[in-house]
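Visitor: I am new here. Could you show me around?

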Amino acid sequence: MTSAVILESMLTCPYCGFAKRETMPTDACQFFYECTNCKKLLRPKPGDCCVFCSFGSVRCPPVQRQCGCC
């Protein structure tokens, strides 16, 4: 049984703690994200492919599908 891919993730800024629900792209990694609260530019942690894998409540769609990321 294959589980459905979740397309929304709650991104939490590591600088100010602000959290916002965002829709993840299905066809590309999102390498940069500007926090809408403190305006800091987030980048993935070493070893992660995108900001959703580093700071989101749900990993990106390619990782969820276990097919690797971009």
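Guide: Arg-21 has a relative accessible area of 48%, so Arg-21 is partly exposed. Buried means under 20%, exposed over 50%, and partly exposed in between (1.4 Å probe, protein chains only). This is a predicted model: local features need pLDDT of at least 70, side-chain atom pairs count only at pLDDT 80 or more, and totals for chains, interfaces and linings use all residues. Residues are numbered from 1 along each chain as its sequence is written, and side-chain values use heavy atoms, with hydrogens and water left out.

Visitor: Which side chain meets Arg-21 in a salt bridge?

Guide: A salt bridge is a side-chain nitrogen of Lys or Arg within 4 Å of a carboxyl oxygen of Asp or Glu. For Arg-21 the N to O distance is 4.0 Å. The pair links distant parts of the chain, 13 residues apart. The partner is Glu-8.

Visitor: How many salt bridges does a search of the whole structure find?

Guide: Lys-20 pairs with Glu-22, with the closest N and O atoms 3.7 Å apart. Asp-48 pairs with Arg-59 at 3.9 Å. The search of the whole structure finds 3.

Conventions:
Helices (H or I, at least four residues) and strands (E, at least two) are DSSP runs, numbered from the N terminus.
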